[in-house]
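Here are my notes on the model you sent over. Have it open beside you while you read; I start at the interface and then turn to the ligand.

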Protein chains: 2
Amino acid sequence: ARTTVIVGGVAGGMSAATRLRRLDEQREIIVLERSREVSFANCGLPYHVSGVIADRDALSLQSPERLAARFRIDARVRHEVVAIDRDARTVTVRRLDDDATTEIAYDELVLSPGAAPRWPAGIATDAPVHALRTLDDLDRLMADLDRVPADGAVVVIGGGFIGLEMADNLYRRGLGVTLVQRGAHLLPSLDEEMAAPIADHLGALGIEVRLGRVTTAVGIDHVVLDDGSRVRADLVIAAIGVTPETALAAAAGLTIGAGGGIAVDALHRTSDPAIFAIGDAAEKRDAIDGSGRLVTLAGLANRHGRAVADTIAGDAAPSRPALGTAIIDAAGLTAASVGWTERVARERGRDVRVVHTHPSSHATYYPGASPLSMKLVIDTADDRILGAQAVGTDGVDKRIDVVATAMSAGLAASALADLELAYAPQYGSAKDPINMLGYVARNLASGDDRVIQWHELDHELATGAVLLDVRAEAQLAEGTIPGALWIPVESLRERHAEFAGRRVVVHCRVGQGAHTAARLLSELGHDVVNLDGGFLTWRDGQRARSLAELPLAA
Amino acid sequence: ARTTVIVGGVAGGMSAATRLRRLDEQREIIVLERSREVSFANCGLPYHVSGVIADRDALSLQSPERLAARFRIDARVRHEVVAIDRDARTVTVRRLDDDATTEIAYDELVLSPGAAPRWPAGIATDAPVHALRTLDDLDRLMADLDRVPADGAVVVIGGGFIGLEMADNLYRRGLGVTLVQRGAHLLPSLDEEMAAPIADHLGALGIEVRLGRVTTAVGIDHVVLDDGSRVRADLVIAAIGVTPETALAAAAGLTIGAGGGIAVDALHRTSDPAIFAIGDAAEKRDAIDGSGRLVTLAGLANRHGRAVADTIAGDAAPSRPALGTAIIDAAGLTAASVGWTERVARERGRDVRVVHTHPSSHATYYPGASPLSMKLVIDTADDRILGAQAVGTDGVDKRIDVVATAMSAGLAASALADLELAYAPQYGSAKDPINMLGYVARNLASGDDRVIQWHELDHELATGAVLLDVRAEAQLAEGTIPGALWIPVESLRERHAEFAGRRVVVHCRVGQGAHTAARLLSELGHDVVNLDGGFLTWRDGQRARSLAELPLAA
Ligand SMILES: Cc1cc2nc3c(=O)[nH]c(=O)nc-3n(C[C@H](O)[C@H](O)[C@H](O)COP(=O)(O)OP(=O)(O)OC[C@H]3O[C@@H](n4cnc5c(N)ncnc54)[C@H](O)[C@@H]3O)c2cc1C
Ligand SMILES: Cc1cc2nc3c(=O)[nH]c(=O)nc-3n(C[C@H](O)[C@H](O)[C@H](O)COP(=O)(O)OP(=O)(O)OC[C@H]3O[C@@H](n4cnc5c(N)ncnc54)[C@H](O)[C@@H]3O)c2cc1C
Ligand SMILES: CC(C)(COP(=O)(O)OP(=O)(O)OC[C@H]1O[C@@H](n2cnc3c(N)ncnc32)[C@H](O)[C@@H]1OP(=O)(O)O)[C@@H](O)C(=O)NCCC(=O)NCCS
Ligand SMILES: CC(C)(COP(=O)(O)OP(=O)(O)OC[C@H]1O[C@@H](n2cnc3c(N)ncnc32)[C@H](O)[C@@H]1OP(=O)(O)O)[C@@H](O)C(=O)NCCC(=O)NCCS
C-alpha cells in the first residue's frame, strides 16, 4: 500500500487524513504533530482564558487513540518533522520526548504546518509574554495567568483578530487590559471609519486602546511604547501576526511564493509534484485579482485539507481562489468582512464606488432591532463587488455570508437588489439591508445618484458647495456637521431657491432621506451629491482620524 | 403632467408611488386605498395581539399627510376603486365615508390590491370570526378580543404562516388555543418530516394541534370539525389562505393567469399596456420552471412596486422570476424555506436527490449552539438546487438566505461546499452547515455515496437488507430503529463479516458517522447505502405520519 505522510495534525492536516481514509481504506496514513495534541479547536483557545469555554478538554476534538480506532490513522504527537529528502521521498522526524530521530518514507507528503506567531522586539529574559497557537500554549498561558493577581494588568500587543479576542477574554476574566495596535485602527480587515466604533466600544468597557503605537520593550512587569510611555503588565500577549511555517519547505528547495507562503497550484501541489501544502503555510490565490496572498483562516485549511485528499486519492478538482471571509466577536460587537477593503482596492489601482449604510438588523416596528453599519466596495469598471464590511450586534454574520455567496457566484453589486431573502419582522426587512445595498449600488451605477465620501466633504465645502442637512428636527440632537444649512426634506420644495446656483452636498442621518432629497433637488435642476452614509459615517470617519491622531483630510 | 393612479396603498402600491416620485417630480401620483390607512406593516399585525408589538401605531409606517409632505403623493384612504374603463383610461372610485362616486383619469394604472382572506364554510350569524389583513381588521379583532375572558378559548383555522403566527400570539396572550389544519402537516412550504417537530413544539407549549381536519361549522361559541368533534371557541381566526383580488381586473377584461392571479409580463404589464399589476394580486413566474404561481410575500411586493415605477418612468428592467423565500417564527422555533419542497418537485416529475442534515448552529465547543434540521432538494439531472428547508432556534435565517442567494445565482448544490462563509465559533463552524450540505451533495453526485430516505427503509428491510446502527453506545438511549444490528463504527473493521453478502443500510444519529461507516464498508466490498439524515430524520418522518394518522409506507 502507498503511504501518505502529513505534517501538522490540526485543521488542514487532520482534515486531509480523515477524508483520505474515507476514500482509501488500504493506504498508510501517518500524521506527525509537534505539539502534545492533534485536532484541537485553535479558534476556541481564547475563550478558555475567560472561562466562556470552561472545560479545556472541550477544545480537544480528537485524540490519536480515537483517530486510530475510527479512521485507522497513525497520528503521532510530539513528533517534529525536521527535514525532507525529496529524492529519497523521506522525512526526518524527531521524537521530542527523547530526541530520537527516524526516517519515514512517503509516496505523498502533505504539509500543513500552519503559521508561527511573531514576537515583538525587545523582550527581556523572563518577561511573562505569551502567544497563542496550540493547546500547549494555552496550558502555559493558563498556568501563568493563575499567578496574575485578580486586579492585575495585562497588555495585549496587536489589534487584529487574535489580539481583540484575547483582550476581550482577559477583560472578561476581570483583568485590566491595554491593547496596543501599531496601525491607525483596529482590525486591518476593515477600513478606518468602519473600525472606529470598535475602538470606542472597547474603550467604553474599560479596555485601554492605544492606536498607532508599537512596543519597544517588554519587561518582566511592564511594556514600553514608542512614545516613551510605560504600561504596567503582569502578563503580556503577543498577537502581532503570524509567519507561515515555510522553513521546512524552503530547506527542501520548494518554491516559496511572492506572498511569503509555500507556492501551490489549484490542486495544492508544490513545486514538487509529490508534495502538497495547505493551510496557513500555503499561499492562496486571491479571488479578485489572482495574486498570491496569505489567508490564515480555518475554513480554507479544512476545505483544502479535504481537497488534497481527493487529489491524492485520484479525484482531483481544483480549489477556488480565496475571498477571505472573516468575522470576530469584539467584546459583544460583531465585525465581519469579505474580499478587499476600500484601502486595498485603491492601493491596487481600482477605481471604486463605495456605499455605506446604517440599517436595522430587522424591521424597526418589531422589538429588538439593533443598528448595523455596512460598507460595500464596488469596481466602477464593471459593478463587481470587491468587498464588504459589516459591524453590529446582530445579523452581521448573515449579511456578510450572503455577500460572500454573491461574490463567489459572480453576482454584480446591483444584483444584490434582486435577492429574495427570508423576511418576517424578527429576521430582516421587506427590503433587507442586502437589497438596500443593491439599490444604492444600482442608483450609483445608473448615474441617478452621485455621492461623495466622508473624507471628501472638506474639499467640497472649500470649493464652494453648500452643505444641506435634511434631517428631521428631532435628529439634530445627535450632532451636526459644522456649516450645514438645515432644511428638512419636507420643506425643500418651498425653500430650494435659497441655494440656487450652488453645488449642493445633501446629508441626512444615514443617507436614505438625503437620497430622496437629492433626487428631488436633481429633478428641480440642482447640481447635487449625497454624503454617502450620512452623518453617521461622517462621524465615524472623524472619530477614526481623531483616535489615530491623524489629520482629517483625505 | 402625466397622471399615475395606484390601487392599493400598502406594500406594492406605496413602494411604486414613492419610487416614482423620486424619479419624476412633475407627475401626478394618486394612491387609492380602501381601508383607513396606507403603508402599514401587514407582517407585524399578529404581534400586536400578544402585545409583543405593544404600540398599535408602530404598525403604521406612513400617513397620507406625511406622504403628501415628503413625496407630494395624493393618497386617499377609504377610497375604493370599483371599476376600470380601459378605453377612457379612467377608474371609478367610491368614497366609502359618503358613498360618493367619482372618475379619475390615468395615463398609467398600477394595480396592487393584494389578496383577500378566504372564509371557512358554515359560519353562523354573529359568530366571532376574524381574518387579519389590514389595520382595520386588527382594530376590530382587538375590540373583540377584549371581550374574551382571560382564560378564554380560541380556535385558529389554518396551519400556514398567518395561522401559526396567530396561534403563537394568542397563546402568548394567555388564551387556550386550538389550531386546526386541513393538511396532514403544518406549513405547506415544508415537507412533512421537516414540519413534524413544529407541531410537537406547539403541542409542548400547550397549543392543541389538529392535523388533517377541517371545520364544518363556526358557531357563536364553538367550531365543529369534520370528525364531529366540537371545540369551544370564544373567538375564531380564519387563516385558511388568501385569494388574489382579481375581480376589478377581470371585470375590465384583463387576462387572469393559470395560477389565478392577474397575468403580467416581466415588466409587470398586464394584457393592457397602460395597466400594471404587482403584489399578491399578480401572478409570479416560478424561478425553477417558469410556471405561473402565486407568491404572497412582502419582499416581492415591495421590489416589484419599485420596478414598476422604473418602467413607468422610462427605465424598464425586467424583474427576475420568484423563488419564494419565506420564514416564520413558530412560537420560538424558526422555520424557513426557499424554492420547491420535495413533494412539489416529485409532483412536477423531477428526479430528485434529497439531503437531510442536523448540524449545530455554531461550533459545539462554544456554548449556546443549538440544533438545526436542514433539507436540500436537488435535481438529479444537473445538480441544480430546487429547494431548501431549515428548522431550528438559531441561524436558520442565515442558512436559508445563503441558499436563496446561491439559487438566485445559479450555483449547483455541490458548489455550496466551496462557499467561504464567515467563521468564528460563535457564528458557525469551520465547515459551515451550508458547506456540509455541499459536501453531502457532492458525494451523492459523484456516486461515492448512495442513500435511501426515511420512507424507503421499510421497503429495503422487506427486501432483505440488514440495518446497521453504527452510533456510539451513549447515543442509543435516544431511541433505536426496530431490527437494527448495533456495531459502532470503530468495530466495523473487525466485525463486518457478520453481515457479509447482504445489502447494508447503515445509520447513525444524523448521517455523518454513517457516512464514514458507509465509505469504509464500501471500500471493504459491501453493497451499502446510508439512511439519509439518520435516526433523527427517520424519527421525524415516523412522527409526521403518526401525527397525521397516516400509514408509514412511502
Ligand atoms: C487563537 C487562534 C484563534 C483563531 N480563530 C480563528 C477563527 O475564529 N476563525 C478562523 O477562520 N480561523 C481562526 N484561526 C486560524 C485557524 O486556526 C488557522 O487558519 C488554521 O488552524 C490553519 O490550519 P493549519 O492546518 O494550516 O495549521 P494549524 O491548525 O495551526 O496546524 C498546524 C500544526 O502543525 C504543527 N507543526 C508545525 N510544524 C511542524 C513540524 N515541522 N512537524 C510537526 N508538526 C508541525 C503545529 O504544531 C500545528 O499544531 C485562529 C487561530 C488561532 C491561533
Ligand atoms: C397578517 C399578515 C402577516 C404577513 N406576514 C408576512 C411576513 O412575515 N413576510 C412576508 O413576506 N409577507 C407577509 N405577509 C404578506 C405581505 O404582507 C403581502 O405579501 C404584501 O403586503 C402584499 O402587498 P400588496 O401590495 O400586494 O398588498 P397589500 O399590502 O395587502 O395592499 C393591498 C391594499 O389594497 C387595498 N385594496 C384592495 N382592493 C382595493 C380597491 N379596489 N380599491 C382600493 N384599495 C384596494 C387593500 O385595502 C389593501 O390595503 C403577511 C400578510 C399578512 C396579512
Ligand atoms: C474534525 C477533523 C478531524 C475532520 O474530521 P472529518 O471527519 O473529516 O470532518 P467532519 O467531522 O467535519 O465531517 C465531515 C464529513 O461528514 C460528512 N457529513 C456531514 N454531515 C453529513 C450527513 N448529515 N450525512 C452524511 N455525511 C455527512 C461530510 O460530507 C464530510 O465527509 P467527506 O469529507 O467524506 O465528504 C479535522 O477537521 C480537525 O482536526 N479539526 C479540528 C481543528 C480545526 O479544524 N481547527 C480550526 C477550527 S477551530
Ligand atoms: C415604506 C414605503 C412607503 C416605501 O418607501 P420608500 O421610500 O420607497 O422605501 P424605503 O424607505 O424602504 O427606502 C428605500 C429607498 O432608500 C434608498 N436607500 C436606502 N438606504 C440608503 C442609503 N444609506 N443611502 C442612500 N439611499 C438609500 C434606496 O435606494 C431606496 O431608494 P430607491 O427606491 O430610489 O432606490 C412602502 O414600502 C410601504 O408602504 N411599506 C409598508 C407596507 C409594507 O411594506 N408591508 C409589507 C411589509 S410589513
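Which residue of chain A forms a salt bridge with B:Arg493?

1. That would be A:Glu25: its salt bridge with B:Arg493 has the closest N and O atoms 2.6 Å apart. A salt bridge here is a side-chain nitrogen of Lys or Arg within 4 Å of a carboxyl oxygen of Asp or Glu. By that rule, eight salt bridges cross the interface of chain A and chain B.

2. Before going on, a word on what you are looking at. This is a predicted model, where local features need pLDDT of at least 70 and side-chain atom pairs count only at pLDDT 80 or more, while totals for chains, interfaces and linings use all residues. Residues are numbered from 1 along each chain as its sequence is written, chains are lettered from A and ligands numbered from 1 in the order in which they are written, and side-chain values use heavy atoms, with hydrogens and water left out.

3. Back to the interface. On chain A, 79 residues are in contact (heavy atoms within 4.5 Å) with 79 residues of chain B. Together the two chains bury about 7000 Å², with 54% of it on carbon and sulfur atoms; that is the accessible area (1.4 Å probe) lost on putting the two parts together, summed over both.

4. Polar contacts come next: pairs of N or O atoms within 3.5 Å, where within protein one must be able to donate a hydrogen and the other to accept it, and residues adjacent in sequence count only if both atoms are side-chain atoms. The rule finds 41 residue pairs of this kind across the interface of chain A and chain B, both residues at pLDDT 80 or more. As for the side of chain A that touches chain B, H10(A) gives the largest share, eight residues.

5. Now the ligand. Ligand 1 lies between chains A and B.

6. Some individual distances are worth a look. One oxygen atom of ligand 1 is 2.7 Å from a side-chain N or O atom of A:Asp280. Backbone N or O atoms also take part: that of A:Gly12 lies 2.8 Å from an oxygen atom of the ligand, and that of A:Arg34 lies 3.1 Å from a nitrogen atom of ligand 1. The protein covers 94% of the 990 Å² of accessible area that the ligand has on its own (Shrake-Rupley method, 1.4 Å probe).

Key: A residue is near a molecule or strand if one of its heavy atoms lies within 4 Å of it. Helices (H or I, at least four residues) and strands (E, at least two) are DSSP runs, numbered from the N terminus.
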